[in-house]
Amino acid sequence: RISEEGLNVVGVPTSEATRKLALDMGIPLVTLSDSGGLDLVIDGADEFDNDFSLIKGGGGALTREKIVAQSSQSMIVVADESKRVDVLGKFSLPVEVSPEKYLSVIEEISAICPGKVLLRRKMTDSRKEEKIYVTDNDGYILDCEFGPTITNPIEMERMISVIQGVVEVGLFVGICDAVFVASPSGVDIMINPEGRLS
């Protein structure tokens with residue numbers, strides 16, 4: 001729409017991959033500090049529940065995504081119906097951690113996580129070996145297999161956030177204002193009655 005209709009918007013990217021794609025598409029970008037404030041964040045989610053709480057971070061950009069979302073006047077999530085859950089946690093909860101402290105963080109989270117706590121890895125370009133996944137912030141990601149047990153995401157976020165070495169938790173609570181849910185029958189729009197768009 002920018003190229004075809006002259007839509008006048010400026011974006012703030014939440015990852016280096018998004019920044020590159022936006023520039024390739026001709027979308028003007030600014031830094032968050034130079035933006036003067038954001039009107040709207042549109043993003044995906046790995047899971048969302050009926051209380052508009054989210055799990056994000058499957059793509060590894062949870063820290064920047066949360067900073068941008070919290071700096072915006074509103075947040076809309078776009079997801080397909082498979083991401084809707086009654087209880088969060090079937091999708092492993094990403095937690096960004098300091099590389100210097102990741103082993104002690106694994107130990108502490110393992111005390112509250114019923115499943116495995118795994119250090120995220122990715123295949124090298126040659127596909128011959130795995131290496132540790134490093135975020136755009138030079139952090140590591142732990143994928144925590146809670147299963148659908150996160151009935152109190154506010155408390156879970158607090159418990160993990162206070163662990164020394166944790167940079168950010170992939171629980172987004174009290175931030176999402178609406179979810180556009182795609183299904184074969186169309187798009188259902190859920191508006192958070194306690195959100196900023198209601």
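How many disulfides does the count come to? A disulfide is taken here as a pair of cysteine sulfur atoms within 2.5 Å, and by this rule the count comes to zero. Cys144 accordingly is in no disulfide, and the nearest cysteine sulfur, that of Cys113, is 5.4 Å away.

The structure is a predicted model, in which local features need pLDDT of at least 70, side-chain atom pairs count only at pLDDT 80 or more, and totals for chains, interfaces and linings use all residues. Residues are numbered from 1 along each chain as its sequence is written, and side-chain values use heavy atoms, with hydrogens and water left out.

**Accessibility**

The table lists relative accessible areas, with buried meaning under 20%, exposed over 50% and partly exposed in between (1.4 Å probe, protein chains only).

| Residue | Relative accessible area | Class |
|---|---|---|
| Cys144 | 0% | buried |
| Cys176 | 1% | buried |
| Phe52 | 5% | buried |
| Ile76 | 14% | buried |
| Ile189 | 46% | partly exposed |
| Asp138 | 57% | exposed |

Strands are DSSP runs (E, at least two residues), numbered from the N terminus. Phe52 belongs to the loop between β2 (47-48) and β3 (54-55), and this residue is buried. Asp138 is placed in the loop between β8 (130-132) and β9 (140-144), where its side is exposed in the sense given above.

**Surroundings of Ile76**

Ile76 is part of strand β4 (residues 75-80). Between Ile76 and Cys176 the separation is 100 residues in sequence, yet their C-alpha atoms are 6.2 Å apart in space. Contact means heavy atoms within 4.5 Å. With neighbours within four places in sequence set aside, Ile76 is in contact with Leu40, Val41, Ile42 and Asp43, and also with Ala178, Phe180 and Leu197.

**Nonpolar patch**

Leu197 also takes part in a nonpolar surface patch of about 350 Å², together with Val187, Ile189 and Ile191. Such patches are made of residues with over 30% relative accessible area and no salt bridge; like charges are joined within 9 Å, and nonpolar side chains (Val, Leu, Ile, Met, Phe, Trp, Tyr) within 5 Å. A salt bridge is a side-chain nitrogen of Lys or Arg within 4 Å of a carboxyl oxygen of Asp or Glu. Accessible areas come from the Shrake-Rupley method with a 1.4 Å probe, and for residues only the protein chains shown count as cover. Ile189, one of the patch residues, lies in strand β13 (residues 186-191).

Technical notes: Helices (H or I, at least four residues) and strands (E, at least two) are DSSP runs, numbered from the N terminus.
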